[in-house]
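User: I have a protein model open and would like to understand how it is put together. Could we go through it step by step?

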Amino acid sequence: MELADLVVVTKCDGALKPVAKAAAQDIRAALSVLRPRDAAWAPRVITSSMHDPGSAAAVADVIEEFRATMGRAGALRARRAEQADSRVWEHCSEAPPSCA
């Protein structure tokens, strides 16, 4: 299972607002028992609604905070390198036998 860096619970408005808030709280509780993937960043859970003009900005702010925090720690570059290695090996394993 892959651990997300940010979970955005949408539809946090109208009749669904209490449901979205409860879902966000449940996800926070589940994440609290897991070890973060990186020491520099603990996964965040936020709610969002297209009816709230500040909602998209709040999501963008957390994404920017993640990039800045992980960039300073060097963890983002390390992750990208791991992803690149994984893709290369995945591609090699999918190559026809004549190419191997």
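User: Which residues of helix 1 are buried?
Analyst: The buried residues of helix 1 are Ala-20, Ala-24 and Leu-31. Buried means under 20% relative accessible area, exposed means over 50%, and partly exposed lies in between, with a 1.4 Å probe and protein chains only. Helices (H or I, at least four residues) and strands (E, at least two) are DSSP runs, numbered from the N terminus. Please note that this is a predicted model, in which local features need pLDDT of at least 70 and side-chain atom pairs count only at pLDDT 80 or more, while totals for chains, interfaces and linings use all residues. Residues are numbered from 1 along each chain as its sequence is written, and side-chain values use heavy atoms, with hydrogens and water left out.

User: Why do the buried residues of helix 1 line one face?
Analyst: Seen down the axis of helix 1, the buried residues fall within an arc of 40°, so they line one face of the helix. The arc is that of the directions from the helix axis to the C-beta atoms. As background, an α-helix has 3.6 residues a turn, so residues three or four places apart point the same way.

User: Which residues are exposed on the other side of helix 1? And what covers the buried ones?
Analyst: Pro-18, Val-19, Asp-26 and Ser-32 are exposed on the other side of helix 1. The cover over the buried residues of helix 1 includes strand 1 (6-9) and strand 2 (44-47).

User: What span should helix 1 have?
Analyst: Helix 1 (residues 17-32) has 16 residues and should span 22 Å at 1.5 Å a residue; its end C-alpha atoms are 22 Å apart, which agrees. The expected span of a helix is 1.5 Å times one less than its number of residues.

User: Stepping back, how many helices and strands are there in the chain?
Analyst: The chain has 3 helices and 2 strands. Along the sequence they follow the pattern β-α-β-α-α.

User: What is the radius of gyration of the chain?
Analyst: The chain has a radius of gyration of 18 Å, whereas a compact globule of 100 residues would have one near 13 Å. The radius is taken over C-alpha atoms, and the globule rule is 2.2 Å times the number of residues to the power 0.38. The C-alpha atoms fill a box of roughly 60 × 30 × 30 Å, taken along the principal axes. Of the 100 residues of the chain, 22% count as buried.

User: Now to charges: how many salt bridges are found in the whole structure?
Analyst: A search of the whole structure finds 2 salt bridges. A salt bridge is a side-chain nitrogen of Lys or Arg within 4 Å of a carboxyl oxygen of Asp or Glu. Asp-5 forms one with Arg-37, and the closest N and O atoms are 3.3 Å apart. This pair links distant parts of the chain, since Asp-5 is in the segment before strand 1 and Arg-37 is in the loop between helix 1 and strand 2, 32 residues apart.

User: Is Asp-5 buried or exposed? What about Arg-37?
Analyst: Asp-5 counts as buried because its relative accessibility is 19%. Arg-37 is partly exposed, with a relative accessible area of 40%.

User: Which side chains meet at 2.9 Å, N to O?
Analyst: Those of Arg-44 and Glu-65 meet in a salt bridge at 2.9 Å, N to O. Arg-44 lies in strand 2 and Glu-65 in helix 2 (residues 53-73), so the pair ties together parts that are 21 residues apart in sequence. Arg-44 is partly exposed at 30% relative accessibility, and Glu-65 is partly exposed with a relative accessible area of 35%.

User: Where does Ser-55 lie, and what is it in contact with?
Analyst: Ser-55 lies in helix 2 and is buried, with a relative accessible area of 4%. Leaving aside neighbours within four places in sequence, Ser-55 is in contact with Thr-47, Ser-48 and Ser-49. Contact means heavy atoms within 4.5 Å.

User: Finally, which residues of helix 3 are buried?
Analyst: In helix 3 the buried residues are Ala-75, Leu-76 and Arg-79. Seen down the axis of helix 3, they fall within an arc of 95°, so they line one face of the helix. Their cover includes helix 2. The face of helix 3 turned away from the buried side carries the exposed residues Arg-77, Trp-89 and His-91.
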